[in-house]
Amino acid sequence: MNQWSDRLRGLVRENFIAEDLDPHLPRIEMIGGRRVNIENHRGIIEYSDIEMRVALSDGELDITGHDMELRALTLTELTIAGVIDAIAYRRQGSGGGGSI
């Protein structure tokens with residue numbers, strides 16, 4: 001399986017296939033200000049009803065708001081619902097990140 005993942009990453013780098021097919025890149029979908037779906041996460045770092053931090057392959061995602069709850073969780077996907085005020089993507093080792 002690792003050999004297949006390496007080959008897939010190589011094809012992505014060479015632009016033969018879309019980046020969203022790379023199983024190592026996080027995919028983040030926000031639906032209004034009420035729900036966030038995250039694919040390819042690496043676990044939950046912090047969890048409360050006002051802040052959640054999710055580990056990603058290349059950093060972490062900080063989600064702030066209120067009345068937030070974890071609606072679904074699998075090994076690779078999770079869904080957070082509630083009132084979402086801000087999302088910040090923090091890359092590992094870059095010293096920064098960006099808000100979404």
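The legends below describe an overview and close-up views of a predicted model.

**Figure 1. Overview of the fold.** The predicted protein has 1 helix and 7 strands. Read from the N terminus, the order of the elements is α-β-β-β-β-β-β-β. Of the 100 residues in the protein, 31% are buried. Among contacts with a separation of 6 or more, 37% link residues 24 or more positions apart. The accessible surface amounts to about 6500 Å², and carbon and sulfur atoms contribute 49% of this surface.

**Figure 2. The largest nonpolar core.** This core holds 13 residues, and those touching the most other members are Ile38, Val54, Leu61, Ile63 and Ile80. At least two core residues come from each of β2 (35-39), β4 (51-56), β5 (59-73) and β6 (77-91). Strand β6 makes the largest contribution, with 5 residues. In soluble globular proteins, nonpolar side chains tend to be buried together.

**Figure 3. Surroundings of Ile80.** Ile80 belongs to the group of core residues that touch the most other members. With neighbours within four places in sequence set aside, Ile80 contacts Arg34, Arg35, Val36, Met52, Val54, Ile63, Met68, Glu69 and Leu70. Two of these partners, Val54 and Ile63, are listed with Ile80 among the core residues touching the most other members.

**Figure 4. Surroundings of Thr79.** Thr79 lies in strand β6. Its relative accessible area is 16%, under the 20% limit, so Thr79 counts as buried. Not counting residues up to four places away in sequence, Thr79 touches Arg35, Val36 and Asn37, as well as Glu69, Leu70, Arg71 and Ala72.

**Figure 5. Asp58 in the loop between β4 and β5.** Asp58 is located in the loop that joins these two strands. With a relative accessible area of 26%, Asp58 is partly exposed. Beyond residues up to four places away in sequence, the contacts of Asp58 are Pro26, Tyr89, Arg90, Arg91 and Gln92.

**Figure 6. A nonpolar patch on the surface.** The patch is formed by Ile44, Tyr47 and Leu73, which together have about 280 Å² of accessible area. Leu73 is placed in strand β5. The relative accessibility of Leu73 is 48%, between the limits of 20% and 50%, and therefore Leu73 is classed as partly exposed.

Methods: Residues are numbered from 1 along each chain as its sequence is written. This is a predicted model: local features need pLDDT of at least 70, side-chain atom pairs count only at pLDDT 80 or more; totals for chains, interfaces and linings use all residues. Side-chain values use heavy atoms; hydrogens and water are left out. A nonpolar core is a set of buried Ala, Val, Leu, Ile, Met, Phe, Trp, Tyr and Cys residues joined through side-chain atoms within 4.5 Å. Buried means under 20% relative accessible area, exposed over 50%, partly exposed in between (1.4 Å probe, protein chains only). Helices (H or I, at least four residues) and strands (E, at least two) are DSSP runs, numbered from the N terminus. Contact means heavy atoms within 4.5 Å. Patches are made of residues with over 30% relative accessible area and no salt bridge: like charges are joined within 9 Å, nonpolar side chains (Val, Leu, Ile, Met, Phe, Trp, Tyr) within 5 Å. Accessible areas come from the Shrake-Rupley method with a 1.4 Å probe; for residues, only the protein chains shown count as cover. A salt bridge is a side-chain nitrogen of Lys or Arg within 4 Å of a carboxyl oxygen of Asp or Glu.
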